[in-house]
Amino acid sequence: MRDEENIHFLIDYENVGESGLDGLEYLESTDTLAIFYSVSHDKISRKMIDRIMDSGCCFETYRLKKTGKNALDFYIISRVGELLGSGYSGKLVVISKDKGYCAMRDYWTARGIPSQRMLLKHTIREGIIASNENSTRRNLAMKESAQVSINTEYAKYQERKRLRKQMETVFSGTEYENVLANICDLAEAKRKPRDLYLGSLQTFGRTDGTKIYRLLKQAELK
């Protein structure tokens, strides 16, 4: 795997804590996650550790030896310099709310490192979205982070409830009552008659699928 395809996340844990780890589920084996922490911020939930381990990413930790103002920032800045000095050509994402890192980025940008290779974000999720990589995980992160209308989503929720109640009435007492959840999912996803018919056959087989489709037609779904 080429460096250009890697993302190296450097977490200012003293600054962002666990909130900066939002998006751990998107990490891949080609990523590196480096957590910089101090003795006053040396705890992390088991859930987060499990997600890191499950991701298969390269996991590194850097513990501050001596406390001092901005000491952890200097650790991160030094690590960035170390990586770039060794020829690393992938993306670097510093996860922190500290605006002081802008000066670090300006320094390297002036020395030919494209700003797109050095990102400053508050969470891993934001870093992946800002990376502009052409990937499934970025598309998913963007979709899950998109702002939606409460009014519109509530209308969808009400329609889903109406549909499920209608399905309960139609299939109550039938041999398909035990697969009602699957039928509801199908009816929600396939609203056109042809799609609903084909979906029924694919999901339940020709015999049961045909029977289920006829019951759905009988319900006069709208």
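**First stop: F9**

Select F9 and show what surrounds this residue: F9 is in contact (heavy atoms within 4.5 Å) with L27, D31, T32, L33, A34, V93, I95, I124 and I128, leaving aside residues up to four places away in sequence. Before you move on, note that this is a predicted model, where local features need pLDDT of at least 70, side-chain atom pairs count only at pLDDT 80 or more, and totals for chains, interfaces and linings use all residues. Numbering starts from 1 along each chain as its sequence is written, and side-chain values use heavy atoms, with hydrogens and water left out.

Is F9 buried or exposed? F9 has 0% relative accessibility, so F9 counts as buried (under 20% relative accessible area; exposed is over 50%, partly exposed in between, with a 1.4 Å probe and protein chains only).

F9 belongs to strand β1 (strands are DSSP E runs of at least two residues, helices H or I runs of at least four, numbered from the N terminus). Color 7-12 and 91-95: these are β1 and β4, running parallel and joined by 5 bridges. Within that pair, H8 has L92 as its bridge partner.

Zoom out to see 5 strands in an open, parallel sheet, ordered β3-β2-β1-β4-β5 (pairing takes at least two DSSP bridges). β3 (58-63) and β5 (118-121) are at the edges with a single partner strand each, so one side of each has no neighbour in the sheet.
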